[in-house]
Amino acid sequence: MDRRKFLVSTGLVGARFLGAGSVAPGLLEAARPVGNTHLTLEDKPVAFTLPPLPYSFDALEPYIDAKTMEIHHDKHHGTYVTNLNKALEGHPELQSKSIDDLMKNLDAVPENIRTAVRNNGGGHWNHSLFWVWMKKGGGGEPKGDLAAAINASFGSYAGLQEKLKAAGLARFGSGWAWLLVKDGKLTIDSTPNQDTPYLLAGGGKAILGLDVWEHAYYLKYQNRRADYIDAWWSTVNWDRVAELYASSR
């Protein structure tokens, strides 16, 4: 049995994962242990757990390779969850919050752990949504009300692709590019590192996000971020994006 299957079968990964369409603007809640059924190897309850991928590592081939997905999910996202739990030790009032509430209210986090919570909590929030914004057999073009909104804001689906790609390429170093609903309209923005859209001036509800950290693409695309972005469109779960758009209006 491989490591991922072992973790899932034993409950060490993701007790409960709510998809990105569950709420807006919050979009998701934390996966949480029930009683003492989900414990670390040290037999210690944790506040947050790593949600399993909703598909196999190779499901997004040939656009995103299986090894990248395995490392990205198990190692990178897993480390954010581990470090977030470590930062929250001794703070039961914060451990009881959902990841959404935690990231919306960073000012309520003690200053001595705020940076760790911002970085690692943001990594958990962003990635928990990123996985469900993609699917096997994704891509194509959006339809219905979402397509109409895209046409109104960007002229066409091609216009959306151009502007989101520009935001991803302009993000120096690591970060994210976002499709947001703001004041009832669609807009594009980006954040550095693992910052969430809650930290953007004027806010906005994220309905799609693109990870442009190098670990998201380097094994297959090396320094060709533009090629990765072009390929990524073929993985997008437009049904989920449309659900989020509808719930955000």
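Two strands count as paired if DSSP finds at least two bridges between them. Helices (H or I, at least four residues) and strands (E, at least two) are DSSP runs, numbered from the N terminus. Keep both in mind for the sheet below.

The model is predicted: local features need pLDDT of at least 70, side-chain atom pairs count only at pLDDT 80 or more, and totals for chains, interfaces and linings use all residues. Residues are numbered from 1 along each chain as its sequence is written, and side-chain values use heavy atoms, with hydrogens and water left out.

**Stop 1: the whole chain**

Show the chain as a cartoon. It holds 10 helices and three strands. From the N terminus, the order reads α-α-α-α-α-α-α-β-β-β-α-α-α.

Now colour by burial. Buried means under 20% relative accessible area, exposed means over 50%, and partly exposed lies in between (1.4 Å probe, protein chains only). Of the 249 residues, 49% are buried.

Contacts come next; a contact is a pair of heavy atoms within 4.5 Å. Among contacts between residues at least 6 apart in sequence, 66% join residues at least 24 apart.

**Stop 2: the sheet**

Select 175-182, the residues of strand E1. The three strands form an open, antiparallel sheet in the order E2-E1-E3. From one strand to the next, the twist averages 25°. Axes are lines fitted to C-alpha atoms, for helices over the stretch in contact, and angles run from 0 to 180 degrees between N-to-C directions.

Zoom in on E1 and E3. They pair in the antiparallel sense over six bridges. Pick Trp-178: opposite it in E3 stands Gly-209. Then pick Leu-180, whose bridge partner in E3 is Ala-206. E3 is mostly covered, with six of its seven residues buried.

**Stop 3: the helix on the sheet**

Select 111-132, which is helix H5. H5 packs on the sheet and touches E1 and E3. Its direction makes about 75° with that of E1.

**Stop 4: the nonpolar core**

A nonpolar core is a set of buried Ala, Val, Leu, Ile, Met, Phe, Trp, Tyr and Cys residues joined through side-chain atoms within 4.5 Å. The largest one has 65 residues. Which members touch the most others? Show Leu-186, Tyr-228, Trp-232 and Trp-233.

Centre on Tyr-228. Leaving aside neighbours within four places in sequence, Tyr-228 contacts Ile-64, Phe-130, Leu-210, Asp-211, Ala-216, Tyr-217 and Tyr-221.

**Stop 5: salt bridges**

Here a salt bridge is a side-chain nitrogen of Lys or Arg within 4 Å of a carboxyl oxygen of Asp or Glu. The whole structure has eight.

Go to helix H4 (residues 99-104). Asp-100, Asp-101 and Lys-104 are linked there in a salt-bridge network. Lys-104 reaches Asp-100 with the closest N and O atoms 3.7 Å apart. Its bridge to Asp-101 spans 3.8 Å, N to O. Lys-104 and Asp-100 sit four residues apart, about one turn of the helix. Is Asp-100 buried or exposed? Asp-100 is buried, at 5% relative accessibility. Lys-104 is partly exposed at 39%, and Asp-101 is partly exposed at 33%.

Next, select Asp-230 and Lys-165, which meet at 3.0 Å, N to O. Asp-230 is in helix H9 (residues 225-232) and Lys-165 in helix H7 (residues 157-170), so the pair ties together parts 65 residues apart in sequence. Both are partly exposed: Asp-230 at 40%, Lys-165 at 23%.

**Stop 6**

Most residues other than glycine have a negative phi, and most peptide bonds are trans.

- Pro-62 lies in the loop between helix H1 (3-10) and helix H2 (66-87).
- Asn-193: phi is positive, about 55°. Find Asn-193 in the loop between E2 and E3, partly exposed at 41%.
- Gln-222: phi is positive, about 50°. Gln-222 is in the loop between helix H8 (218-221) and H9, partly exposed at 31%.
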